[in-house]
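The following exercises are to be worked through with the sequence and the coordinates at hand. Each task is followed by a stepwise solution.

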Amino acid sequence: MATVDRPDQSDRPDRPDQPKGASARSKRADAVRNQQTLLDAAAEVFVTSGIDAPIRQIAARAGVGLGTLYRHFPTRADLVTAVYRHQVEACAEAGPRLLAEAASPFEALRRWIDLFVDFLVTKHGLADALQSDGDRFTALHTLFLDRLMPVCGHLLDAAADAGEIEPDVQPYELMRGIGNLCIGQDGDPRYAPRRLIELLLRGLRRPTGPDA
């Protein structure tokens, strides 16, 4: 389907007074910015509208034309894969930052889990979006475990060392449990997974006070 793309910096001819090397670097920088903007926009749209959201909606959220989107991500599977990787890395990098910023390790864990839930909403439907590309799906699942389990484990260890949670919580079982709670939301507006996740987090807390 032919589309008309709005011109952006990467589509403009070199200016006569601009060195070729500087022009090439500028185009690469513009391309990286466009890609980052598209990934952020797609992640937001997937959270609110699902992984099957119209491509036009993502381009509009990013403020670019369809041509720009398709230059970066020729197929929906390419876009979904890139968003998935982008969110895995963002979620992994958030762990140490939250631990440094939050008032307590448990608060850091709580805020990280909130990001993790947003990621799981985007992840839902990934297998259907990639259809028969089993190798790609397997590679993404491996990335998910390799990057996020150590981060979750570090946050759990910090909270346990601070005496805020019980020390025997394993990262895989917590992540798997949260994932199962998120799945139950499909088609039922009465179901609120975040409320149940909050109850789960309360259950992790180590009792405090004179009777503990």
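**Exercise 1. Confidence**

Task: Determine which helix has the lowest mean pLDDT and which the highest among the elements of this predicted model.

Solution. Step 1: helix H6, residues 126-130, has the lowest mean, at 61. Step 2: the highest, 94, belongs to helix H2, which spans residues 55-62. Step 3: over residues 1-15 the pLDDT is below 50, although this stretch has 26 contacts in the model beyond near neighbours in sequence. Step 4: for the protein, the mean pLDDT is 82, with 77% of residues reaching 70 or more.

**Exercise 2. Overall composition**

Task: State how many helices and strands the protein has, and what share of its residues is buried.

Solution. Step 1: there are 9 helices and 0 strands, and the pattern along the sequence reads α-α-α-α-α-α-α-α-α. Step 2: of the 212 residues, 37% are buried. Step 3: the accessible surface comes to about 12,100 Å², 52% of which belongs to carbon and sulfur atoms.

**Exercise 3. Packing of H7 and H8**

Task: Classify the arrangement of H7 and H8 as parallel or perpendicular, and describe their contact.

Solution. Step 1: the axes of H7 (residues 134-161) and H8 (residues 171-183) come within 9 Å and cross at roughly 110°. Step 2: angles of 65 to 115 degrees count as roughly perpendicular, and the two helices are therefore roughly perpendicular to each other. Step 3: H7 contributes Phe144, Leu145, Leu148, Met149, Cys152, Gly153 and Leu156, which meet Pro171, Tyr172, Leu174 and Met175 of H8. Step 4: by class, this contact comprises 10 nonpolar residues, 1 polar residue and no charged residues.

Methods
Residues are numbered from 1 along each chain as its sequence is written. This is a predicted model: local features need pLDDT of at least 70, side-chain atom pairs count only at pLDDT 80 or more; totals for chains, interfaces and linings use all residues. Side-chain values use heavy atoms; hydrogens and water are left out. Axes are lines fitted to C-alpha atoms, for helices over the stretch in contact, and angles run from 0 to 180 degrees between N-to-C directions. Helices (H or I, at least four residues) and strands (E, at least two) are DSSP runs, numbered from the N terminus. Angles under 35 degrees count as roughly parallel, over 145 as roughly antiparallel, 65 to 115 as roughly perpendicular and the rest as oblique. Contact means heavy atoms within 4.5 Å. Ala, Val, Leu, Ile, Met, Phe, Trp, Tyr, Cys and Pro count as nonpolar, Asp, Glu, Lys and Arg as charged, and the others, Gly among them, as polar. Buried means under 20% relative accessible area, exposed over 50%, partly exposed in between (1.4 Å probe, protein chains only). Accessible areas come from the Shrake-Rupley method with a 1.4 Å probe; for residues, only the protein chains shown count as cover. pLDDT is the predictor's confidence in each residue, from 0 to 100.
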